[in-house]
Amino acid sequence: MGRAELKQAHANVLCIAWYNDRRRRHNRWYHLFIAVVASSSSFGYLLNNNIPLIGTITIAIVSVAKSIFPQFLQPEHELSELDKIMDYYNKYASELECLLYKFDQKYIQDQEVIDTIHKMKVEESLLQSKMNRLVYSIPQKRLAKIENDSTNYLGNVYLDKYEER
């Protein structure tokens, strides 16, 4: 039970890190595009009187498209919420690792591990729902890579550190 939770927590961290990086990159490109078009439009009148009009129309079209298709650019406050969720999952994974280490070293018993994990799952399940709402989509190839990376992490880190050979 605990190992599956640890793998899921690690997968959530990888998922959010990749997703936020991608979304913030889109946001930066959008703002850069607007800044470049606005700047070139304001100085473009030196070359042609129509350049400011073309720049204004371009910015208007892009802004309307952003409003019509909000999934292309995600607000920073939503990405910040995902950062907080990622911080939680990092802490959650660390606590699970500590718990599993104590269990493997026989410092605590089965029932204590189960009770602790159930307490931890109450808060985690609320954040999982929030994460699902904030993450618009992730390609299947990326999900498979995240799954593979989490499996490797669990195998390499957990087994190397805590299993007796």
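Reply: A helix here is a DSSP run of H or I with at least four residues, and helices are numbered from the N terminus. The model is predicted. Under this scheme, helix α3 covers residues 76-104, and Lys 106, with a positive phi near 65°, follows α3.

Me: Where is Lys 106 placed, and is it buried or exposed?

Reply: Lys 106 sits in the loop that joins α3 to α4. The cut-off for an exposed residue is a relative accessible area over 50%; Lys 106 has 66% and is therefore exposed. Its phi of about 65° is positive although Lys 106 is not a glycine.

Me: How many residues does α3 have, and what is its reach?

Reply: The expected span is 1.5 Å times one less than the number of residues. With 29 residues, α3 reaches 41 Å from its first C-alpha to its last, close to the expected 42 Å.

Me: What describes two packed helices?

Reply: The angle between their axes and the distance between those axes describe such a pair. For α3 and α4 (residues 110-134), the angle is about 165° and the axes are 10 Å apart. Angles over 145 degrees count as roughly antiparallel, so α3 and α4 are roughly antiparallel to each other. The crossing of α3 past α4 is left-handed. The contact between α3 and α4 holds 14 nonpolar, 2 polar and 8 charged residues.

Me: At what angle do α1 and α4 pack?

Reply: The angle between α1 and α4 is about 30°, and their axes lie 12 Å apart. Angles under 35 degrees count as roughly parallel, so α1 and α4 are roughly parallel to each other. Their crossing is left-handed. On the α1 side, the contact includes Gly 2, Glu 5, Gln 8 and Asn 12, while Ile 117, Lys 121 and Glu 124 are among the residues of α4 that take part. By class, the residues of this contact are 6 nonpolar, 4 polar and 3 charged.

Note on methods: Residues numbered from 1 in each chain as written. Predicted model: local features only at pLDDT ≥ 70, side-chain atom pairs only at ≥ 80, totals over all residues. Heavy atoms only, no water. Axes fitted to C-alpha atoms, helices over the stretch in contact; angles between N-to-C directions. Helix = DSSP H or I, 4+ residues; strand = E, 2+ residues; numbered from the N terminus. Parallel < 35°, antiparallel > 145°, perpendicular 65-115°, else oblique. Left-handed = near helix turned anticlockwise from the far one by under 90°. Nonpolar A, V, L, I, M, F, W, Y, C, P; charged D, E, K, R; others polar. Buried < 20%, exposed > 50% of the residue type's maximum accessible area, 1.4 Å probe, protein only. Contact = heavy atoms within 4.5 Å.
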